[in-house]
Amino acid sequence: MTEGTARIEGGRLWFERAGEGFPVVLVHPGLWDARIWEGQFEEFSRHHDVVRYDARGYGRSDLPEAPYSDLRDLRYLLGELGIARCALVGCATGAQLAIDFALAYPRMTEAIVAVSPGLTGYRWNDPGLDMLVEEVDRAVREGDRTGAIEVELAVWAPTSAAADPRVRQIALDNAHVLRLDDSLRETPASAVTNLVDIQAATLVVVGHLDLGEIHAIADLLAAQIPGASKRVIAEADQLVNVCKPEKFNRLVLDFLSFRS
(Lines give C-alpha, C1' and ligand atoms only; values in the text may rest on other atoms or scores of the structure.)
Protein backbone atom coordinates (compact mmCIF):
# COMPACT_ATOMS: atom_id res chain seq x y z
CA MET A 1 0.00 0.00 0.00
CA THR A 2 1.31 3.44 -0.92
CA GLU A 3 0.08 6.97 -0.45
CA GLY A 4 1.32 10.27 -1.72
CA THR A 5 0.46 13.33 -3.76
CA ALA A 6 0.21 13.77 -7.51
CA ARG A 7 0.96 17.00 -9.33
CA ILE A 8 -1.96 18.67 -11.11
CA GLU A 9 -2.55 22.12 -12.57
CA GLY A 10 -1.81 24.55 -9.77
CA GLY A 11 -1.65 22.05 -6.94
CA ARG A 12 -1.53 18.46 -5.74
CA LEU A 13 -4.01 15.66 -5.14
CA TRP A 14 -3.63 13.20 -2.28
CA PHE A 15 -4.04 9.52 -3.21
CA GLU A 16 -3.72 6.03 -1.78
CA ARG A 17 -3.02 2.92 -3.82
CA ALA A 18 -3.04 -0.81 -3.03
CA GLY A 19 -3.36 -4.20 -4.67
CA GLU A 20 -2.58 -5.68 -8.06
CA GLY A 21 -4.56 -6.38 -11.21
CA PHE A 22 -6.77 -4.23 -13.39
CA PRO A 23 -6.88 -0.62 -12.09
CA VAL A 24 -10.02 0.57 -10.29
CA VAL A 25 -10.31 4.22 -9.24
CA LEU A 26 -12.73 5.24 -6.47
CA VAL A 27 -14.21 8.75 -6.85
CA HIS A 28 -15.88 10.13 -3.72
CA PRO A 29 -19.15 12.15 -3.53
CA GLY A 30 -19.25 15.89 -2.92
CA LEU A 31 -19.75 16.13 0.85
CA TRP A 32 -17.04 13.65 1.75
CA ASP A 33 -13.48 12.65 0.87
CA ALA A 34 -11.70 9.39 0.01
CA ARG A 35 -12.26 8.02 3.53
CA ILE A 36 -15.87 7.32 2.58
CA TRP A 37 -14.53 4.29 0.65
CA GLU A 38 -13.11 2.68 3.80
CA GLY A 39 -15.43 -0.29 3.39
CA GLN A 40 -14.27 -0.87 -0.19
CA PHE A 41 -10.60 0.07 -0.47
CA GLU A 42 -9.03 -2.93 1.25
CA GLU A 43 -11.61 -5.42 -0.05
CA PHE A 44 -11.31 -4.26 -3.65
CA SER A 45 -7.50 -4.31 -3.43
CA ARG A 46 -7.65 -8.08 -2.91
CA HIS A 47 -8.69 -8.32 -6.56
CA HIS A 48 -7.55 -5.11 -8.25
CA ASP A 49 -5.01 -2.31 -8.33
CA VAL A 50 -7.15 0.22 -6.42
CA VAL A 51 -6.71 3.98 -6.15
CA ARG A 52 -8.73 6.37 -4.02
CA TYR A 53 -8.05 10.09 -3.90
CA ASP A 54 -9.26 13.38 -2.46
CA ALA A 55 -10.64 15.72 -5.10
CA ARG A 56 -9.42 19.31 -5.29
CA GLY A 57 -10.39 21.16 -2.10
CA TYR A 58 -11.26 18.00 -0.14
CA GLY A 59 -9.42 16.03 2.52
CA ARG A 60 -5.66 16.18 2.10
CA SER A 61 -5.65 17.67 -1.42
CA ASP A 62 -4.87 21.31 -2.16
CA LEU A 63 -7.55 23.97 -2.12
CA PRO A 64 -8.29 25.61 -5.49
CA GLU A 65 -6.66 29.01 -5.93
CA ALA A 66 -7.30 29.46 -9.66
CA PRO A 67 -9.67 28.02 -12.30
CA TYR A 68 -9.46 24.24 -12.41
CA SER A 69 -11.13 21.16 -13.84
CA ASP A 70 -11.98 18.01 -11.87
CA LEU A 71 -11.91 16.23 -15.22
CA ARG A 72 -8.33 17.26 -15.98
CA ASP A 73 -7.32 16.67 -12.36
CA LEU A 74 -8.36 13.03 -12.69
CA ARG A 75 -6.58 12.77 -16.05
CA TYR A 76 -3.36 14.17 -14.54
CA LEU A 77 -3.65 11.83 -11.54
CA LEU A 78 -3.91 8.77 -13.78
CA GLY A 79 -0.97 10.01 -15.80
CA GLU A 80 1.14 10.48 -12.68
CA LEU A 81 0.26 6.94 -11.57
CA GLY A 82 0.96 5.41 -14.97
CA ILE A 83 -2.61 4.18 -15.45
CA ALA A 84 -3.57 4.03 -19.12
CA ARG A 85 -6.97 2.37 -18.74
CA CYS A 86 -9.16 1.77 -15.70
CA ALA A 87 -12.59 1.25 -14.21
CA LEU A 88 -14.14 4.21 -12.40
CA VAL A 89 -16.36 3.66 -9.36
CA GLY A 90 -17.97 6.97 -8.44
CA CYS A 91 -20.73 8.03 -6.06
CA ALA A 92 -23.05 11.03 -6.62
CA THR A 93 -20.83 13.83 -8.00
CA GLY A 94 -18.12 11.18 -8.26
CA ALA A 95 -20.36 9.18 -10.59
CA GLN A 96 -21.07 12.36 -12.53
CA LEU A 97 -17.33 12.86 -12.99
CA ALA A 98 -16.88 9.24 -14.06
CA ILE A 99 -19.49 9.70 -16.80
CA ASP A 100 -17.89 12.95 -17.96
CA PHE A 101 -14.50 11.25 -17.98
CA ALA A 102 -15.77 8.31 -20.04
CA LEU A 103 -17.05 10.76 -22.66
CA ALA A 104 -13.90 12.88 -22.68
CA TYR A 105 -11.40 10.01 -22.48
CA PRO A 106 -13.06 6.87 -23.88
CA ARG A 107 -9.77 5.07 -24.47
CA MET A 108 -8.91 5.35 -20.78
CA THR A 109 -12.27 4.19 -19.43
CA GLU A 110 -12.90 0.45 -19.47
CA ALA A 111 -15.88 0.44 -17.12
CA ILE A 112 -18.06 2.70 -14.95
CA VAL A 113 -19.93 1.97 -11.75
CA ALA A 114 -22.22 4.97 -11.29
CA VAL A 115 -23.57 5.00 -7.74
CA SER A 116 -26.44 7.38 -6.87
CA PRO A 117 -25.41 9.30 -9.97
CA GLY A 118 -25.47 12.97 -10.77
CA LEU A 119 -25.40 13.94 -14.44
CA THR A 120 -23.87 17.01 -16.06
CA GLY A 121 -26.54 18.97 -17.93
CA TYR A 122 -29.48 17.23 -16.27
CA ARG A 123 -32.32 19.61 -15.44
CA TRP A 124 -33.48 18.93 -11.88
CA ASN A 125 -37.29 19.04 -11.67
CA ASP A 126 -37.78 18.77 -7.90
CA PRO A 127 -38.16 22.31 -6.42
CA GLY A 128 -36.95 20.88 -3.13
CA LEU A 129 -33.38 21.17 -4.39
CA ASP A 130 -33.65 24.95 -4.61
CA MET A 131 -34.99 25.02 -1.06
CA LEU A 132 -32.08 22.86 0.09
CA VAL A 133 -29.54 25.15 -1.57
CA GLU A 134 -31.14 28.22 -0.01
CA GLU A 135 -31.17 26.69 3.46
CA VAL A 136 -27.56 25.56 3.22
CA ASP A 137 -26.45 28.95 1.83
CA ARG A 138 -28.24 30.74 4.67
CA ALA A 139 -26.49 28.61 7.28
CA VAL A 140 -23.11 29.19 5.63
CA ARG A 141 -23.65 32.97 5.49
CA GLU A 142 -24.48 32.92 9.20
CA GLY A 143 -21.26 31.04 9.91
CA ASP A 144 -23.06 27.85 10.92
CA ARG A 145 -21.17 25.25 8.90
CA THR A 146 -22.23 22.46 11.24
CA GLY A 147 -25.88 23.39 10.71
CA ALA A 148 -25.34 23.45 6.94
CA ILE A 149 -23.82 19.97 7.02
CA GLU A 150 -26.69 18.65 9.14
CA VAL A 151 -29.16 19.92 6.52
CA GLU A 152 -27.19 18.20 3.76
CA LEU A 153 -26.99 14.94 5.70
CA ALA A 154 -30.73 14.97 6.42
CA VAL A 155 -31.43 15.05 2.69
CA TRP A 156 -28.69 12.91 1.17
CA ALA A 157 -27.54 10.44 3.81
CA PRO A 158 -29.87 10.18 6.82
CA THR A 159 -29.64 6.39 7.04
CA SER A 160 -25.87 6.31 6.55
CA ALA A 161 -25.23 9.06 9.11
CA ALA A 162 -27.39 7.28 11.69
CA ALA A 163 -25.60 3.97 11.11
CA ASP A 164 -21.99 5.19 10.95
CA PRO A 165 -20.69 8.26 12.85
CA ARG A 166 -17.80 8.56 10.38
CA VAL A 167 -20.26 9.77 7.73
CA ARG A 168 -21.06 12.90 9.76
CA GLN A 169 -17.46 13.43 10.85
CA ILE A 170 -15.99 13.23 7.35
CA ALA A 171 -18.62 15.67 6.11
CA LEU A 172 -17.84 18.05 8.98
CA ASP A 173 -14.12 17.78 8.22
CA ASN A 174 -14.91 18.98 4.70
CA ALA A 175 -17.43 21.68 5.65
CA HIS A 176 -15.05 24.31 4.27
CA VAL A 177 -16.00 23.23 0.73
CA LEU A 178 -19.36 24.92 1.23
CA ARG A 179 -17.52 28.25 1.07
CA LEU A 180 -15.36 27.47 -1.98
CA ASP A 181 -15.75 29.71 -5.01
CA ASP A 182 -17.73 27.56 -7.46
CA SER A 183 -16.83 29.93 -10.28
CA LEU A 184 -13.29 28.49 -10.22
CA ARG A 185 -14.52 25.02 -11.19
CA GLU A 186 -14.85 24.43 -14.92
CA THR A 187 -18.07 22.67 -15.94
CA PRO A 188 -17.76 19.93 -18.58
CA ALA A 189 -20.02 19.84 -21.61
CA SER A 190 -23.51 18.46 -21.02
CA ALA A 191 -23.54 14.67 -20.89
CA VAL A 192 -27.31 14.25 -21.13
CA THR A 193 -27.49 14.10 -24.93
CA ASN A 194 -24.25 12.14 -25.34
CA LEU A 195 -24.88 9.09 -23.18
CA VAL A 196 -25.25 6.86 -26.25
CA ASP A 197 -21.60 7.61 -27.05
CA ILE A 198 -20.28 5.99 -23.87
CA GLN A 199 -18.26 2.92 -24.77
CA ALA A 200 -17.44 1.74 -21.25
CA ALA A 201 -19.28 -1.16 -19.66
CA THR A 202 -21.64 0.49 -17.19
CA LEU A 203 -23.34 -0.56 -13.97
CA VAL A 204 -25.74 1.88 -12.30
CA VAL A 205 -26.39 1.38 -8.58
CA VAL A 206 -28.96 3.29 -6.56
CA GLY A 207 -30.35 2.96 -3.04
CA HIS A 208 -34.12 2.61 -2.85
CA LEU A 209 -34.21 5.35 -0.15
CA ASP A 210 -32.49 7.88 -2.39
CA LEU A 211 -34.35 10.85 -3.89
CA GLY A 212 -36.70 10.41 -6.82
CA GLU A 213 -34.55 12.60 -9.05
CA ILE A 214 -31.55 10.32 -8.50
CA HIS A 215 -33.67 7.35 -9.51
CA ALA A 216 -34.74 9.29 -12.62
CA ILE A 217 -31.10 9.91 -13.53
CA ALA A 218 -30.28 6.24 -12.90
CA ASP A 219 -33.13 5.19 -15.20
CA LEU A 220 -31.90 7.60 -17.88
CA LEU A 221 -28.38 6.20 -17.71
CA ALA A 222 -29.61 2.61 -17.86
CA ALA A 223 -31.80 3.41 -20.86
CA GLN A 224 -29.33 5.52 -22.86
CA ILE A 225 -25.87 4.02 -22.23
CA PRO A 226 -25.40 0.99 -24.52
CA GLY A 227 -25.47 -2.25 -22.52
CA ALA A 228 -25.85 -0.52 -19.15
CA SER A 229 -27.59 -2.32 -16.30
CA LYS A 230 -29.17 -0.96 -13.13
CA ARG A 231 -29.41 -2.40 -9.62
CA VAL A 232 -31.43 -1.04 -6.69
CA ILE A 233 -30.19 -1.77 -3.16
CA ALA A 234 -32.84 -1.93 -0.44
CA GLU A 235 -32.55 0.12 2.78
CA ALA A 236 -29.84 2.35 1.34
CA ASP A 237 -29.64 6.11 0.77
CA GLN A 238 -27.12 7.93 -1.43
CA LEU A 239 -24.16 6.26 0.29
CA VAL A 240 -25.02 2.74 -0.81
CA ASN A 241 -21.44 1.64 -0.15
CA VAL A 242 -21.80 2.69 3.51
CA CYS A 243 -25.36 1.49 4.12
CA LYS A 244 -24.90 -1.94 2.55
CA PRO A 245 -21.16 -2.52 2.10
CA GLU A 246 -21.30 -6.31 1.73
CA LYS A 247 -24.02 -6.22 -0.94
CA PHE A 248 -22.35 -3.30 -2.68
CA ASN A 249 -18.91 -4.91 -2.69
CA ARG A 250 -20.20 -8.20 -4.01
CA LEU A 251 -22.21 -6.50 -6.75
CA VAL A 252 -19.34 -4.30 -7.92
CA LEU A 253 -16.66 -6.99 -7.72
CA ASP A 254 -18.86 -9.40 -9.67
CA PHE A 255 -19.35 -6.72 -12.33
CA LEU A 256 -15.59 -6.12 -12.54
CA SER A 257 -14.59 -9.78 -12.20
CA PHE A 258 -13.76 -10.35 -15.87
CA ARG A 259 -11.31 -7.46 -15.64
CA SER A 260 -9.37 -8.94 -12.70
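Predicted model: local features only at pLDDT ≥ 70, side-chain atom pairs only at ≥ 80, totals over all residues.

Student: OK, is Ala92 buried or exposed?
Tutor: Ala92 sits in the loop between strand 5 (86-91) and helix 3 (93-104). The cut-off for buried is under 20%. Ala92 has a relative accessible area of 8%, so the word for Ala92 is buried.

Student: And what is the phi of Ala92 near?
Tutor: Here's some background: most residues other than glycine have a negative phi. Ala92 isn't glycine, yet its phi is positive, near 60°.

Student: Which loop holds Ser116?
Tutor: Ser116 also has a positive phi, near 45°, without being glycine. At 1% relative accessibility, Ser116 counts as buried. As for its place, look in the loop between strand 6 and helix 4 (128-141).

Student: How many strands are there in the protein?
Tutor: There are two kinds of element to count here. The protein has 10 helices, and the number of strands is eight.

Student: In what order do the strands of the open sheet come?
Tutor: The open sheet has eight strands, and their pairing is mixed. Reading across the sheet, the order is 1-2-4-3-5-6-7-8.

Student: Why is one side of strand 1 and of strand 8 left without a neighbour in the sheet?
Tutor: Strand 1 (2-8) and strand 8 (229-233) stand at the edges. One side of each is left without a neighbour in the sheet because each has a single partner strand.

Student: By what angle are neighbouring strands of this sheet turned against each other on average?
Tutor: Direction is ignored for this one.

Student: Which residue is the bridge partner of Ala18 in strand 4?
Tutor: Strand 2 (residues 11-18) and strand 4 (residues 49-53) run antiparallel, and four bridges join them. Ala18 belongs to one of those stretches, residues 11-18. On the strand 4 side, the partner of Ala18 is Val50.

Student: Which strands does helix 8 lie across?
Tutor: Helix 8 covers residues 212-224 and runs at about 160° to strand 7. The strands it lies across are strand 6 (109-115), strand 7 (201-207) and strand 8.

Student: Which residues have the most contacts inside the largest nonpolar core?
Tutor: That core has 88 residues. One of its residues, Tyr53, is in contact with Leu13, Trp14, Phe15 and Leu97, among others, leaving aside neighbours within four places in sequence. The two with the most contacts inside the core are Trp32 and Tyr53.

Student: What radius of gyration does the protein have?
Tutor: The C-alpha atoms fill a box of roughly 50 × 40 × 35 Å along the principal axes. For 260 residues, a compact globule would have a radius of gyration near 18 Å. The protein's own value agrees with that: 17 Å.

Notes: Residues numbered from 1 in each chain as written. Heavy atoms only, no water. Core = buried A, V, L, I, M, F, W, Y, C linked by side-chain atoms within 4.5 Å. Buried < 20%, exposed > 50% of the residue type's maximum accessible area, 1.4 Å probe, protein only. Contact = heavy atoms within 4.5 Å. Pairing = 2+ DSSP bridges. Helix = DSSP H or I, 4+ residues; strand = E, 2+ residues; numbered from the N terminus. Axes fitted to C-alpha atoms, helices over the stretch in contact; angles between N-to-C directions. Rg over C-alpha atoms; globule rule 2.2 N^0.38 Å.
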